[in-house]
Amino acid sequence: MKVIELNKNALSSNDADAEILRGELKEKGIFLINLMSAAGSGKTTLISRTITDLREREPGLEIGVMEADIASDVDAAAIEALGAKSIQVHTGGCCHMDAVMTRESLEAFGAFEGSPRIIFLENVGNLICPAEFDTGAHLKVMILSLPEGDDKPLKYPLMFAESDALIITKMDAAPYFDFDIDAACRRAKALNPDIAVFPVSAKTRDGMQEWEAWLLEKAEAL
Amino acid sequence: MHEMGIIIHLAKTLEDTAREEGLVRIGSVTLRVGEVSGIVTDYFEDCWNYFKKRHPVLQDCRLIIETIPAVTRCSSCGQDYETVKYGRECPYCHSGETWLVQGNECVIKQIEAE
């Protein structure tokens with residue numbers, strides 16, 4: 001037997017697949033957003049509100065949502081009701097999406113045919129594994145909801161370090177929780193100075209405009 | 001099971017390597033795993049032993065894990081210290097302005113093959 005030195009990252013095959021997928025999507029003018037958060041942070045509510053608002057701004061805009069979940073299709077039904085295309089991706093017990101799974105889902109979705117133009121990948125609900133696997137998305141956005149606490153950047157640093165934007169949801173509940181928004185921002189920025197922070201309430205619509213304007217700007221810059 | 005996700009990609013990289021290098025059997029793979037990479041090595045080995053059976057070239061492949069110690073550096077006083085023992089706060093000057101130098105890796109170091 002001979003020894004062959006590799007010195008490769010164990011996830012290098014995924015990173016390579018992700019880079020190829022990102023390029024192919026860009027060529028077709030498809031903007032993919034990897035949305036990550038813990039379970040129950042309000043991902044589906046935020047996406048629903050965002051879809052409604054974006055379609056108000058740009059009536060013809062085609063939006064798709066890929067819901068990655070261990071099981072069930074409750075979320076997909078809620079999205080379809082808004083006129084967006086949706087597909088449920090069951091990860092078969094896997095706690096995250098990787099580039100190959102994302103490609104297969106996009107193919108099942110018919111996304112490579114050119115429409116929809118903006119696609120949200122709603123990743124599996126947890127703050128650990130999704131941060132480690134590049135899906136091929138152009139933008140990584142994470143959600144932290146108020147009830148989860150302002151200490152989360154200290155507990156799940158990789159997620160905050162990897163994300164392009166942090167959306168703090170359920171701001172309407174601020175009077176009931178001891179969430180220090182300045183501390184949360186400071187801790188997130190210490191890990192990632194470039195992270196964009198958007199405190200929002202999908203219920204009262206406070207802060208939604210800033211997030212949506214930023215998102216459209218990124219989509220146009222693709 | 002985040003370990004399973006990594007194993008799937010590891011197996012794929014090894015199969016690609018075997019094809020490129022014309023290898024018929026990989027006897028062992030050595031991984032260097034950081035102390036704070038979040039990988040539970042016991043689970044990792046269980047996943048590996050289950051998954052390798054699906055790949056003829058990996059059937060008898062042993063998984064050897066070398067640990068990379070986690071080291072944190074303090075931006076305020078410039079000292080290095082053990083991450084696992086002291087965490088985020090510098091034990092010398094008690095600053096919180098610290099960053100991880102190493103310990104988050106999962107690298108395929110080498111394989112033994114024929």
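In strand β5 of chain A, E122(A) is the bridge partner of E67(A). The model is predicted: local features need pLDDT of at least 70, side-chain atom pairs count only at pLDDT 80 or more, and totals for chains, interfaces and linings use all residues. Residues are numbered from 1 along each chain as its sequence is written, chains are lettered from A in the order in which they are written, and side-chain values use heavy atoms, with hydrogens and water left out.

**Strand β3 of chain A**

Strands here are DSSP runs of E with at least two residues, helices are runs of H or I with at least four, and both are numbered from the N terminus. Two strands pair if DSSP finds at least two bridges between them. β3(A) covers residues 63-69, and six of its seven residues are buried, so the strand is largely enclosed by the rest of the structure. Buried means under 20% relative accessible area, exposed means over 50%, and partly exposed lies in between (1.4 Å probe, protein chains only). β3(A) runs parallel to β5(A), residues 118-122, with five bridges joining them. It also pairs with β4(A), residues 85-90, in the parallel sense over six bridges; there A68(A) stands opposite V89(A).

**N126 of chain A**

N126(A) sits in the loop between β5 and β6 (139-145) of chain A. The residue is buried, at a relative accessible area of 17%. A polar atom of the N126(A) side chain lies 3.1 Å from the backbone nitrogen of C129(A). Apart from neighbours within four places in sequence, N126(A) is in contact (heavy atoms within 4.5 Å) with S37(A), A38(A), C95(A) and M159(A).

**Interface of chains A and B**

The contact takes 24 residues from chain A and 26 residues from chain B. Together the two chains bury about 2,200 Å², 59% of it on carbon and sulfur atoms. Buried area is the accessible area (1.4 Å probe) that two parts lose on being put together, summed over both. Of the area that chain A buries against chain B, M1(A), I4(A) and A10(A) supply 29%, more than any other three residues.

One salt bridge is found across this interface, the criterion being a side-chain nitrogen of Lys or Arg within 4 Å of a carboxyl oxygen of Asp or Glu. The side chains of K12(B) and D17(A) form that kind of link, at 2.9 Å from N to O. On the chain A side, β1 (2-9), α1 (12-27) and α6 (157-162) each supply at least two residues. The largest share, eight residues, comes from β1(A). β1(A) pairs with β6(B), residues 106-113, in the antiparallel sense over six bridges, and E5(A) stands opposite Q110(B).

**Strand β3 of chain B**

In a regular strand the side chains alternate between the two faces of the sheet. The strands β3(B) and β4(B) form a hairpin with five residues between them, and G78(B) in the turn has a positive phi of about 80°. V71(B) stands opposite E82(B) in β4(B), and T72(B) stands opposite L100(B) in β5(B).

| Strands | Sense | Bridges |
|---|---|---|
| β3(B) and β4(B) (residues 80-82) | antiparallel | three bridges |
| β3(B) and β5(B) (residues 98-102) | antiparallel | four bridges |

Terms used
Polar contact = N/O pair within 3.5 Å; in protein donor to acceptor, adjacent residues only side chain to side chain.
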